[in-house]
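Me: Hey, I'm new to reading protein models and could use a hand with this one. Can we go through it together?

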Amino acid sequence: IIQTILSAQQGVKSISIGYAEQGNRLQDIAAINALRDLTAYYLRYFKINNVNISTVFHQYMAAFPTDIEKAEDLIFNSAITAKLANSSRMMMKSPVEAIKIPSTKENEIGVKLSKGGFLFSDDMKFNYDLIKEEKNQIINEVNLIMKKILELGAGDIAKGAILGCTKGVIDIPFSPNKYNLGKVVCLRDISGAIRFADCGNLPFNKDIKEFHEQKIHERKIMERKTSIYEMLENDLQRISLNDFTSWPLDKNYIT
């Protein structure tokens, strides 16, 4: 959102806003729709008009499954998610993502799998109420962060973003940037959705913090684990180790 505003203020008229798939379909659909709506809202807030915005859904960007069948399942179902989210475009993967640079033939397989997912999605049904709940959760969190950024910059979003990074109002897990505070820790909940195990200095209210605490607590109970970092290590490796039942991870991440 910040990049979009800064680009538009410099005269850019066509902007793509990207989202990297996380693996829980309800959350991914909610997130890309929240991104679309929030970007439009903040463009209006800054009185910026006549900017064409398109959304880009990136198929899973982290370490890919080494098992070809599971990689193919991921690509097929990722395309379903992209279509259900009404994304303008999709960045596609190939089944050999974890192994090597794909050949023309292997890229062709990825295209065919994605096309199959698009077509299959026409008959899919999903819970709009749950998506709306997740979308509202994301919108509330983003608005609190944006409010603090605008406060820090006294209305100047560029200054606010710079100060926000140094203070941890913008905090990216695993960022190599030396100015990133690195206090925020994210884990998956029992459905594979991404939650905050440690909110760091993010300007969240009590309700939001308690929401995430409860989601992490549910997982601790189900897995009988107390170590955040043990769960984090597991999250970072499971997909690449093919240690998942099916994609997306909804309702099958912790069983």
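Me: Is E151 buried, partly exposed or exposed?
Reply: E151 is partly exposed, as its relative accessible area is 48%. Buried means under 20% relative accessible area, exposed means over 50%, and partly exposed is in between (1.4 Å probe, protein chains only). Keep in mind that this is a predicted model, where local features need pLDDT of at least 70, side-chain atom pairs count only at pLDDT 80 or more, and totals for chains, interfaces and linings use all residues. Residues are numbered from 1 along each chain as its sequence is written, and side-chain values use heavy atoms, with hydrogens and water left out.

Me: Ok, and which side chain does E151 meet in a salt bridge?
Reply: That's K148, at 3.8 Å from N to O. A salt bridge here is a side-chain nitrogen of Lys or Arg within 4 Å of a carboxyl oxygen of Asp or Glu. K148 is partly exposed, at 32% relative accessibility.

Me: Where do K148 and E151 lie?
Reply: Both are in helix α5 (residues 128-152), three residues apart, which is about one turn of the helix. Helices (H or I, at least four residues) and strands (E, at least two) are DSSP runs, numbered from the N terminus.

Me: How many salt bridges does the structure hold?
Reply: There are 13. One of them links K100 with E106, whose closest N and O atoms are 2.7 Å apart.

Me: What about E230, what does it pair with?
Reply: E230 forms a salt bridge with K225, and their closest N and O atoms are 3.9 Å apart. E230 is partly exposed at 40% relative accessibility, and K225 is partly exposed too, at 22%.

Me: New topic: how do helix α7 and helix α8 cross?
Reply: The axes of α7 (residues 206-223) and α8 (residues 228-238) come within 12 Å and cross at roughly 85°. Axes are lines fitted to C-alpha atoms, for helices over the stretch in contact, and angles run from 0 to 180 degrees between N-to-C directions.

Me: Which residues make the contact?
Reply: From α7 you have I216, R219, K220 and E223, and from α8 I228, M231, N234 and D235. Contact means heavy atoms within 4.5 Å.
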